[in-house]
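Subject: Structure handover

Hello,

The structure you asked about is below, followed by notes on what turned up in it. Please read the notes with the model open.

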Amino acid sequence: MLQPLAGYVLIEPAPKETKTASGIVLPESADEKPQEGKVLACGDDLVEEGKTVKCPVKVGDKVVYKKWGGNEIKVGGKEFLLTKFEDLMAVVSK
């Protein structure tokens, strides 16, 4: 497994929706990546200009992240997102 460096979070993106809530099948052309996923690992707290920025989430949290934030990476054929703390927007309540 990957261990993010300070200031980063490793996320497993939620699977893409192929149907709407009402059962309409979405075509491939309407395929938009989700902006939600599960936190798999957190890097150490980030120290910038003498200030410590603590990781705002914990492993297992379901989060919403910026649409264009982070870097997609593939490991063993599986897709992950490596993003900065600042690209996280919300924690989804359980």
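The side chains of Thr 83 and Asp 87 are joined by a polar contact of 3.3 Å. A polar contact here is a pair of N or O atoms within 3.5 Å; within protein, one must be able to donate a hydrogen and the other to accept it, and residues adjacent in sequence count only if both atoms are side-chain atoms. This is a predicted model, in which local features need pLDDT of at least 70 and side-chain atom pairs count only at pLDDT 80 or more, while totals for chains, interfaces and linings use all residues. Residues are numbered from 1 along each chain as its sequence is written, and side-chain values use heavy atoms, with hydrogens and water left out.

Thr 83 lies in strand E7 (residues 78–84); strands (E, at least two residues) are DSSP runs, numbered from the N terminus. Its relative accessible area is 0%, so Thr 83 is buried (under 20% relative accessible area; exposed is over 50% and partly exposed in between, with a 1.4 Å probe and protein chains only). Not counting residues up to four places away in sequence, Thr 83 is in contact with Gly 7, Tyr 8, Val 9, Ile 11, Gly 69, Gly 70 and Leu 88, where contact means heavy atoms within 4.5 Å.

Next, Asp 61. This residue sits in the loop between strand E4 (51–53) and E5 and is buried, at a relative accessible area of 7%. The Asp 61 side chain reaches the backbone nitrogen of Lys 58 at 3.0 Å. Leaving aside neighbours within four places in sequence, Asp 61 contacts Gly 37, Lys 38, Val 39 and Val 91.

On strand pairing (at least two bridges found by DSSP between two strands), E2 (residues 36–42) pairs with E1 (residues 8–13) in the antiparallel sense over five bridges.

Finally, the cysteines. How many disulfides does a search of the whole structure find? The search finds zero, a disulfide being a pair of cysteine sulfur atoms within 2.5 Å. Cys 55 is accordingly in no disulfide. Cys 42 is buried, with a relative accessible area of 19%.

Regards

Note on methods
Helix = DSSP H or I, 4+ residues; strand = E, 2+ residues; numbered from the N terminus.
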